[in-house]
Amino acid sequence: MTHLRLTATVTATAPALRHIVSNPPVFRSSPAVFLCAHRCLSTSAPRHRREVDIRRMRERGWGTAYKQRKSELEPSSPLPPLSPPPPPPPPPKDGETDSSSTIPTSYLPPPSNDPNQRAVPAVAPSASSLYHATHIFSSRPPKFLYSAGRFLELPRNPHTPEVCLIGRSNVGKSTLINALAGLSGSAARSSHGLQARRANSAITSRKAGCTVTLNGYGFGEPPAAIGGLKREQKQEQGEEEQQEEEEIEKEEKEREGAGGKAKTTQSGKSRADRRQEAKEARLRDPPRAHALVMVDMPGYGLGSEVAWGKEIQKYLERRVMLKGAVVLIDSVAGIKDLDRAVFKSLRAAGLKTAVVLTKVDKLIEGKDRERAQGRIQEVCLSIWNELRRIERHSETWTEGGENGWENEIFVTGAGDPKNGGLGIEEARWAICKMAGLVEDTREAVVPGLEANPAGAAPPKIVSFDDIVWAPAKPVEEKTVVQQEPEKITTFEGLRRATTPKQSGVRQKRLKATF
Ligand SMILES: Nc1nc2c(ncn2[C@@H]2O[C@H](COP(=O)(O)OP(=O)(O)OP(=O)(O)O)[C@@H](O)[C@H]2O)c(=O)[nH]1
Ligand SMILES: [Mg+2]
């Protein structure tokens, strides 16, 4: 009786549940609802658990929240369309200030001639590419694929791009995986035990050394051309293969009957043998089921083991579909010796590398925006300095190189209980870009130079014949008189003034043509 009632409840609510699960950003404000919906849909969850979940969701008024959202979004489709991108979140009301929203989520190195040498906030990716990346991560719940203690225990992956998260123990790798999957701050960080495994989430812990194996998680739908073939297409493909095999068998029988030998290749195998091998390989490797595989690694440092390091090294060097590594650095602790060693390993493996700062919410908490940003910029600068130093010993692992390191550093607060989700959309985008799933369509902008200053009229385009040429100006000689040196009041200022560049007592005559 209970079973029947439960089945009926789940069936009746399934479209709504699926809608909630496929729209995590929309339901981010109600993480409990999202988690419960996620668990209810998971067939592996025990019956009593699902019933409790549904009851809890009702208590939390999920029905009202769902109905409101449903009327705002497209009612018939379980997934929102890919374009146009969703509207940006509404601006905060007067008096309601959210410090995290004002912190830029990615930084670029300063130009070499910048005297301040401060990290420069990067231009945000386009709304549609951000949306595309979010769609890959949250169009359906993640799937826990494997847990391998050794490199040789890893299942084969001949087709799906893989990106791994690597960092010191307790830096927040597993929490970031959960946040990428759409869990809000507190749900992402308090994902423990069997319950987390059942919900296909990564297990997190306050204790260092929680993750001890390489754990793979599948995200998103596979592209239709590779893994997501429709049933008719698959049937057609199967029929063609069968026909071909039959023809080969027939040919060989005829040859054998005529006293000839079966046609063999240089390796001594007949075409039929090779075809058989290929068929077996196809059966061994299931078709592509995801757009992307994320691998959560055991952390290095506190609570780690030497053997893990060896297996990770093998993984970085030999995994065929590994498209890149995301190195996580704790924004409070900054870069450490072990991180430097890992950058060197990535250089040796010739692997594309990106850096993500974690736990930025801790920096923001209780500090004003300027101070928090100053600290973030400091950490970014120390990371770039380190990367540039390590890069000197390689010709290929270079700044911005195809198999080098990304100079854009992303900042996140994946486990922030208050403002969970800080920088997560951008981190998703960076990972998808690494895996070749989205493109960077941003134009390179020189910091400090706006492409089109606000209020300026766009330039008028005229034909070549209509161009009115200005009369040539006579070349004039200009005397540039340098300003009087400023008054030195500090010891630091005195030291600077003694350098030949800034002494500034001589007048220079410069000949300039305009
Ligand atoms: N405040 C805050 N805490 C975080 C954040 N990310 C992770 N944490 C906390 O940091 C601790 C470690 O997080 P994990 O995700 O388990 O770290 P890990 O890197 O997977 O650790 P290992 O598996 O031991 O290597 C947990 O207590 C999290 O709650 C964050 O963005 N903000
Ligand atoms: Mg972990």
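**Strand pairing, helices and the ligand shell**

Thr-353 stands opposite Trp-405 in strand 9. These two residues belong to a pairing of strand 8 with strand 9, which is parallel and has four bridges. Strands pair here when DSSP finds at least two bridges between them. Helices (H or I, at least four residues) and strands (E, at least two) are DSSP runs, numbered from the N terminus.

The model is predicted: local features need pLDDT of at least 70, side-chain atom pairs count only at pLDDT 80 or more, and totals for chains, interfaces and linings use all residues. Residues are numbered from 1 along each chain as its sequence is written, while chains are lettered from A and ligands numbered from 1 in the order in which they are written.

The protein contains 16 helices and nine strands. Of its 514 residues, 34% are buried. A residue is buried if 20 or more other C-beta atoms lie within 10 Å of its own, exposed if 12 or fewer, and partly exposed in between, with C-beta atoms placed from the backbone. Contacts are pairs of residues whose C-beta atoms, placed from the backbone, lie within 7 Å. Among contacts with a separation of 6 or more, 75% join residues 24 or more positions apart.

The nine strands form an open sheet with mixed pairing, in the order 2-1-9-8-7-4-6-5-3. Strand 2 (120-121) and strand 3 (143-148) are the edge strands, each pairing on one side only. Strands of a sheet pair through backbone hydrogen bonds, either parallel or antiparallel. Strand 4 (residues 162-167) and strand 6 (residues 292-296) run parallel and are joined by four bridges. Cys-164 stands opposite Val-295 in strand 6.

Strand 8 is mostly covered, with six of its six residues buried. Thr-353, Val-355 and Leu-357 point one way. Ala-354, Val-356 and Thr-358 point the other way. Strand 8 also pairs with strand 7, in the parallel sense, over six bridges. Asp-330 stands opposite Thr-358 in this strand. Strand 7, helix 12 (residues 337-349) and strand 8 make a right-handed β-α-β unit. Right-handed means that, with the strands pointing away from the viewer, the path from the first strand over the helix to the second runs clockwise.

Phe-343 lies in helix 12. It counts as buried because it has 23 C-beta neighbours inside 10 Å. Beyond four places in sequence, Phe-343 is in contact with Glu-386, Leu-387 and Ile-390. Phe-343 and Leu-387 are 44 residues apart along the chain, yet their C-alpha atoms are separated by 7.4 Å.

Helix 14 (residues 369-391) lies across strand 1 (106-108), strand 7 (322-330), strand 8 (353-358) and strand 9 (405-411). Its angle to strand 9 is about 160 degrees. Axes are lines fitted to C-alpha atoms, for helices over the stretch in contact, and angles run from 0 to 180 degrees between N-to-C directions. Glu-399 is found in the loop between helix 14 and strand 9. Glu-399 has 13 C-beta neighbours inside 10 Å and therefore counts as partly exposed. Not counting residues up to four places away in sequence, Glu-399 touches Arg-388, Glu-391, Gly-404, Trp-405 and Asn-407. Glu-399 and Leu-387 are twelve residues apart in sequence and 8.2 Å apart in space, C-alpha to C-alpha.

Helix 5 (residues 127-138) has twelve residues. Its first and last C-alpha atoms are 16 Å apart, close to the 16 Å expected at 1.5 Å a residue. The expected span is 1.5 Å times one less than the number of residues. Nine of the twelve residues are buried, so helix 5 is largely enclosed by the rest of the structure. The buried residues include Tyr-131, His-132, His-135 and Phe-137. Their cover includes helix 6 (173-180), strand 5 (214-219), strand 6 and helix 15 (424-434).

Ligand 1 is surrounded by 26 residues. A residue is near a molecule if its C-beta atom, placed from the backbone, lies within 6 Å of it. The closest are Gly-172, Arg-189, Thr-211, Gly-299 and Gly-415. Helix 6 and helix 13 (360-364) each supply at least two residues of this shell. Helix 6 gives the most, with three residues.

Two asparagines have positive phi values. Asn-170, with phi near 75 degrees, lies in the loop between strand 4 and helix 6. Asn-170 is buried, with 23 other C-beta atoms within 10 Å. Asn-200 has a phi of about 60 degrees and lies in the loop between helix 8 (193-198) and strand 5. Asn-200 is partly exposed, with 19 other C-beta atoms within 10 Å.

Key: Contact = placed C-beta atoms within 7 Å.
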